Amino acid sequence: MIRLSYGSEAEDLHMFYSQRQDGEILCSSVVTGVCVQKLPELLLPVCITMGIKAALPRYEIYFYNTILCLAMFWAASWIFEVSSSNANRKTFKTSVKLGYFGRKMDTADFEWMMWFSTFREHILFTLSGHVLFAKICSMLAPQYRSLVYMVYGLLAVWTSMGWTYVTLILSHCILLYSISLVKIRWLCFITGLSTLATFKCEPFVSWQTGFVEGDFELRHVLFYGGCGFTIMRCMSFALENCERKDGNYSILELLKYNFYLPFFYFGPIMTFDKYYVQANKSDLSRKEWEMWNISLQGLIHFGVILLVDVLFHFMYILTIPTDMKLLKHLSDWALVGLAYFNLMYDWVKAAVMFGVINTVSRLDHLDPPKPPKCITMLYVFAETHFDRGINDWLCKYVYDYLGGKHDNVLEELVATLCTFGVTILWLGPCEVVLVWAFFNCFGLNFELWTAKFFSMEPFSSFEVAMSEAMSRRIRAIFNTFNFWSIVLYNIVALNSLDFAKLVAKRLLLKGFPITTIIVMFVTYCLIQVIKERERRQALIDDPDPLPPPPPPNAAPSPPTPAAEPVAAQAAADTSKEKAE
């Protein structure tokens, strides 16, 4: 059975259609696409194509793409008009400042401005130094490269934050290393979470921030980033040490793992077992075209940074949601577009920031966590995440460990509650985070409950009886409502609770039925475009087997009149399904 996993990748769903050699197949839920029920071998030929490989007519896909593009441009035009007409608004003065081209730009996101404007020279200089020393070490003494990574990272942290901050970090590392020697999993968890909690509540926060020297603008960002990621890395080390049967990892391995500079302040988190293997491998040869791909990735990230900066001069998507008086006078299209573009921007920011760091780590012969899945490609809660490193950490140590096979409702509920409990502690308990966690936890469990409900009779028989195209259309209708649930639940954390309430009210109550129907139809088109992309990817990853060629010496038997139309129809169906 394919499990419903928090932040699982699309490949988990693709497996449903590739693992069918055992004579039985799993029937997908109409709502979520999560496979929950086994069907007998008799129904196998009917169900093989009913899912991710289900094709729609080409003209229908063209229609969906056209509607989607027009809707995007229409919503963007509304936001551009609002931004241009309110550029000199009094409430915008703190975040809308003079940029390039003689236009004002949106500077509301401190994190983006820090990375790519205010402190880009400092970050670029530090990462360039790391790449230079790592390359020299890889050429002269590759067996000591992980040690060089640690020394350079330690010196960089010492230079930027002071020796007292390094002492604080080392004390947490020594504490969790000492606990890991006991090899009691629950004790490592309690110690790690308790240590993480000291950075979220007083008076422990004030006492620990006193270890930071200087009063520069990035002081608090680097302090919380370095300490928070350090605790998560130390917990990963402790839990992996508990799993080790023979002996213990040395504390030097923990320090090498923690003080790897590209990951130290801003992540992403790579679990210790993966880092240990990759950082200590002796073969440093690269695959064909690997350096070309790394260079291309860097150029793409640079292009995206320029594109986002240009768009910030024309659409103030981050500043407008902070002005509730202005929001109440906006059109429904502008509000819906703001909600969608805010999520899109947050994904772009995460993809670019982690992408820059991942590019550096790939130069160090590491395989870092992948960027988050694009929000435009999400229509199930099981794949919703903005930080794949944290997501992998939670799945490995909490969700999969407690959830078992993920087929029991009660076990799944306990696993998701514990997973989001750790997430709340990681983000910092507050009203917005609690609301966000509650709705996302509910959405994840509701998908499983609905999947089990629709796997029962007579619903499973209904899906088997209908055509594959109709099954795909019905699923897309349900996925449409799921998509907007994901959007509304996540803009609570990204913007504010008031903004999320206003969008929901316009979309479901005040704008009903015209706005609701139009937006849902456009979203339905988006879901079908996503499904078409997944279908093509599934055909690439798992092509249907071709029939074996006839023996070279066998004489072909003359086709019977009844067999000719059947063979022609089968060939036409195969060609149509394979057509790209």
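Let's start at Phe439, which lies in helix H19; helices here are DSSP runs of H or I with at least four residues, strands are E runs of at least two, and both are numbered from the N terminus. With 30% relative accessibility, Phe439 counts as partly exposed, because that label covers the range between buried (under 20% relative accessible area) and exposed (over 50%), using a 1.4 Å probe and protein chains only.

A word on the model before going further. This is a predicted model, in which local features need pLDDT of at least 70 and side-chain atom pairs count only at pLDDT 80 or more, while totals for chains, interfaces and linings use all residues. Residues are numbered from 1 along each chain as its sequence is written, and side-chain values use heavy atoms, with hydrogens and water left out.

Phe439 also belongs to a nonpolar surface patch of about 540 Å², together with Val409, Phe438, Phe442, Phe446 and Trp449. Helix H19, spanning residues 431–454, gives the largest share of this patch, five residues. Patches are built from residues with over 30% relative accessible area and no salt bridge, joining nonpolar side chains (Val, Leu, Ile, Met, Phe, Trp, Tyr) within 5 Å and like charges within 9 Å. A salt bridge here is a side-chain nitrogen of Lys or Arg within 4 Å of a carboxyl oxygen of Asp or Glu. The areas come from the Shrake-Rupley method with a 1.4 Å probe, and for residues only the protein chains shown count as cover.

Lys325, Lys328, Lys505 and Lys510 form a positive surface patch; Lys and Arg count as positive, Asp and Glu as negative, and His and the chain ends are not counted. The place of a charge is taken as NZ for Lys, CZ for Arg, CG for Asp or CD for Glu. Lys510 sits in helix H22 (residues 497–510), and its relative accessible area of 62% makes it exposed.

For a contrasting setting, turn to Thr195 in helix H8, residues 185–197. Thr195 is buried, at 7% relative accessible area. Apart from neighbours within four places in sequence, Thr195 is in contact (heavy atoms within 4.5 Å) with His172, Leu175 and Ile231.

Finally, step back to the whole protein. It has 24 helices and four strands, and buried residues make up 52% of its 580 residues. Among contacts between residues at least 6 apart in sequence, 76% join residues at least 24 apart. The protein exposes about 28200 Å², of which carbon and sulfur atoms supply 68%.
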